[in-house]
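Here are my notes on this entry, as numbered points. Please read them with the structure open.

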Amino acid sequence: MFDRSRRSRATPQPMARDLRLVDLQKRFLQRGKAPVTAVGGIDLAVAEGELLGLLGPSGCGKSTTLRMIAGLEEPTAGDIRIGGASIVGRSPHLRDVAVAFENYALYPPLTVEENIAFGLNARKERDATVRAREVAERLGLTALLDRKPGALSSGQKQRVSLARAIVRKPSVLLLDEPLSHLDAAERDQTRRELKRLQRETGYTTVLVTHDQQEALSLADRVAVMNAGELMQVGTPDEVYDAPANRFVADFVGEPRMNLLDGRLVLDRDGIGVALADRVWLALSPETRDATADLNGRAVVIGIRPQDIRLGRPDESGMIAASVFAFEPLQEVGRLTATVPGVETRIVVETHHDHRAVRDEAIGLAFEPDRMHLFDAETGERVAWQPESTIPTDRFQPLSPVTGSS
Amino acid sequence: MREQTAIPTSTERPASETVAVAPATAVEGERRTGLRWTDIVLNGLTLLYFLFALFPLVWMLILSLKPQDDLFTTYFVFEPTLAAYREVLGGSGQVGTRFLGFFFNSLIVSAGAVLISLIVGVPAAYAFARWRFRGGESLLFTLLSFRFAPELMVIIPLLVIYRRFGLFDTHLGLIWVYQLITLPLIVWILRSYFQDLTPELEQSALLDGYNRPQAFMKVAVPLIRPGLAAAGLLAFIFAWNSFVFPFALTGSNAQTVTVGSLSFLGGATPRYNLTAAAALIALIPPLLLALSIQRFLVRGLTFGAVKG
Amino acid sequence: MASLTLHGVRKEYGQVVALDSLDLDVRDGEFFVLLGPSGAGKTTTLKCVAGLEGLSAGRVEIGGRDVTDAEPNSRHVAMAFENYALYPQYTVYDNIAFPLRSPRYRVSAQEATSRIDRVTTTLGINQLLERAPRELSGGQRQRVALARVLVRPADVLLLDEPLSHLDAKLRAAMRTELKSLGDLQHTTSLYVTHDYLEALALGDRIAVLREGKLVQVGTREEMWHQPVDLFVAQAFGQPRINLVLGEIVRTDRGQAFRDQDGAFVIPLGDVDVPAQRSVWLGLRPRDLVLGESTGMHPLQGRVYVVETLGRQLEVTVDVGAQRISLVVPRTEIEPDTMVTFSVPPHRLLLFDAASERRLEMAPAVGHQAGASHV
């Protein structure tokens, strides 16, 4: 598959180095309670000039990881290396790492120019003002140099915060939820500018966010975290198209992937996936051998709303369903359906001209090569191959599954 | 998510201060073990401060336990005796019953004052919190200003008035004048508690079919229970400790324990041990109240009512 | 169940005018959505209808009855607040039962239990009845607030941004639930939000509110295809509608739009817009396609940035001085390369630059009318 990550990555900035996290751990001890593992041993490599997105829900450990790289927290175990050299134990200002904080943390009494130059001035660098002006121009802040933070919009503050981080020409740039406090319009624009900027400047960057759209748009590679562990690391397309486990499948993608409880069922014709004992979605003969020992195994079927076709309920190959609600969102249509015997409602993204009415009877067909299977217990992906052509009459209502092969 | 638990720290503080729950930070797994010398110095300084702050109490305790002969010495070594306590609390007639009388007077007037202040002050605080009306700010400030004036300034006119109206040396008289102490406190504290309540809670009740007074009683008041406890406690302590008003406005009938304890100092020989014992006993009600109400001084009762 | 009418409603807070002469007509049984940014006056409108705020001028009528001076508890309305306003000292059950214990809406204990049962089952929370609000998640609290509103009869339901404090995924799920509920309920409802997706999904009709004034009232199709001005056009859609400033010029094949630099030109066929008029051209990102397409006008530009959106890409292209965003199916495309994309002329929107109001374009002969004429 075309390696988008390498091709489209920025030309690394001369000062940029690569970043490696080696078995990085962080545990918090508490009196009278069990210790809390915020980060449980992660290994991660960020190439020079690459933007890595650390994506996960709140509490997953991504911010703690960022803080350890910045030097604001000490790891309990493991190593952090920039350019091959370990930086653990060094105080933050000696690490050559720059952070743009979620809340911007601008100094209110200083002007934009002074804010940007602050770190440089603290180090008594001679050309602080010149460099500050250069970076400001790059970020479109020249007109605002004399203003104070109080007179800036969120988007402008965010750019000042970025400028302040970049002006130090750090080896590694850390961005903590850079877009979270912006309104919708500012967010879109700032995101594009940020992506462009990172590409042009080539800083090795780690971006922390809980917003999967942000991570997919901006990152060369995405590392999905949950409860202190890495769930998957890959390019945005890899993480979207081939989620390694149920968590990633659920977390990445808008609208959310439909995750339905099913079972692998073996019968004369081959192995299939039963959905609520009603529907048999056929798998390929190749999978039959691989999964033969999994007869009766509970699995989770994943199918994105964009990968479900609509039809008439009596058409062959269709799963009979009824409309729960239809939202005509003008850009797309969003249809939610219930299938008898299936607990979870199924969301289908339709063409924007589609219309549907509550309780209308419809048929659903899952595109076979877009289906994902996850082991219901472990959450891990079950590898399978769809048949090259699956005849539609293989999709048919099952008589109640007896359970015997 | 890193869990921050609030671990109550047990600092030794004089009972007249409100006991609060201090949040502590989670202790991180440290790479280095062992005490740093800064810890020793800081703890040492804290200990020194404790000794300084508690010394008067300790001295009083010693005084109360010293036998009559050792009273005027500064020795720390002596034979402790409970004779002073026995005398104060009962046994030998006069002193005992007198003290108990003072004690109950204090209880009656302090509790009575707080009760009246709550009945009047809670609705007042609500009104100040929820409505802006002409003269509201001035009224509030006037109420607070009662606390500014030194009590000594007003006792002479008060004395005259009280004698005239037969309020001198009565429980009712003290309860009434204590309102100058307790009411501003309660109104000010509870006003900010009411302000912290989001008005939507009562608005929701209004829409649900209740009228204003019902919304007030059923929704607003239950939610400021911690405030009621805090304000009530503080008011009680200030009322209990009050000296100037009972000194000026009471005789033998309604005299409180603060004034009464000094009576042991009159006469041929000042009985410091009795005074000390009396004072320490008088410490007990506010202390018990503070400890029992500590449970209510917990934030977060409104957590869950509104988002975040 | 009744209609709700606002006549010339005006609300001032001192010098600040929060609502400026609102006229609103919500039909009996209609689910009406009021859309506006924060500070537009949406919550103020609801509070005026509920009687929690008095009016500076104007009238509120519910079911034909003038309720302008009526007390909140006699207006027969129910309101769900943005931050839920659950009583923390009561359990979920008691919270929902609270209105059923009030002097006005009192019912017997059995009746209360049966109603609460029904509502909480519909909302999927009947297993939470014994919990306290602080033990609930955001989504659960929101549903308890809804249950409390639905449990007793009301002529009008007022809903104040009920989904705004939920995370994106939960919001989408709850939006669907609300849609389903709305389909079932048919109670006159006034729903207030800043999220245009909620407006499009839920509203039988939508009104856009800006700084205390109503800008447009209409169906979702009208809002999308016939926005009355720039503000409404920008209010719907993500990414936002592309706007290019330029003028109408006359060419030998009819009129065309031309930006100031002249690099961005789109022929418009025959439109009844006077030439040399200074206008904004509106292009929705999803109406544009990569490459050439029949019936559409091609433009060339340099790719500024490419962002993945899962199945789709958001491509930003510089055409001369203009930066245009497109949302297209995933494909191979690199920044800083030249690319062609096509614009469907019948989907363009034109706005007068000075007044920002949309200009009607008569359909050119031979072109499809498209969805602009619903």
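Predicted model: local features only at pLDDT ≥ 70, side-chain atom pairs only at ≥ 80, totals over all residues.

1. Start with the pairing of β7(C) and β8(C). Strand β7 covers residues 156-160 of chain C, and strand β8 covers residues 188-193 of chain C. The two run in the parallel sense, joined over five bridges.

2. Chain C holds an open sheet of six strands, in the order β6-β7-β8-β3-β9-β10, and the pairing is mixed. At the edges sit β6 (77-80) and β10 (213-218) of chain C, each of which pairs on one side only. On average, neighbouring strands are turned by 20 degrees against each other, direction ignored.

3. Then the helix on the sheet. Helix α1 of chain C, residues 42-50, packs there. Its contacts are with β3 (31-35), β6, β7, β8 and β9 (205-210) of chain C. The direction of α1(C) makes about 150 degrees with that of β7(C).

4. Last, the contact between chains B and C. How many residues does each chain bring? Chain B supplies 21 residues and chain C supplies 26 residues. On the chain B side, the elements giving two or more residues are α7 (200-207) and α8 (212-223) of chain B. Helix α7(B) gives the most, with six residues.

5. On composition, the side of chain B that touches chain C has 11 nonpolar residues. It also has seven polar and three charged residues.

Technical notes
Residues numbered from 1 in each chain as written. Chains lettered and ligands numbered in written order. Contact = placed C-beta atoms within 7 Å. Helix = DSSP H or I, 4+ residues; strand = E, 2+ residues; numbered from the N terminus. Nonpolar A, V, L, I, M, F, W, Y, C, P; charged D, E, K, R; others polar. Pairing = 2+ DSSP bridges. Axes fitted to C-alpha atoms, helices over the stretch in contact; angles between N-to-C directions.
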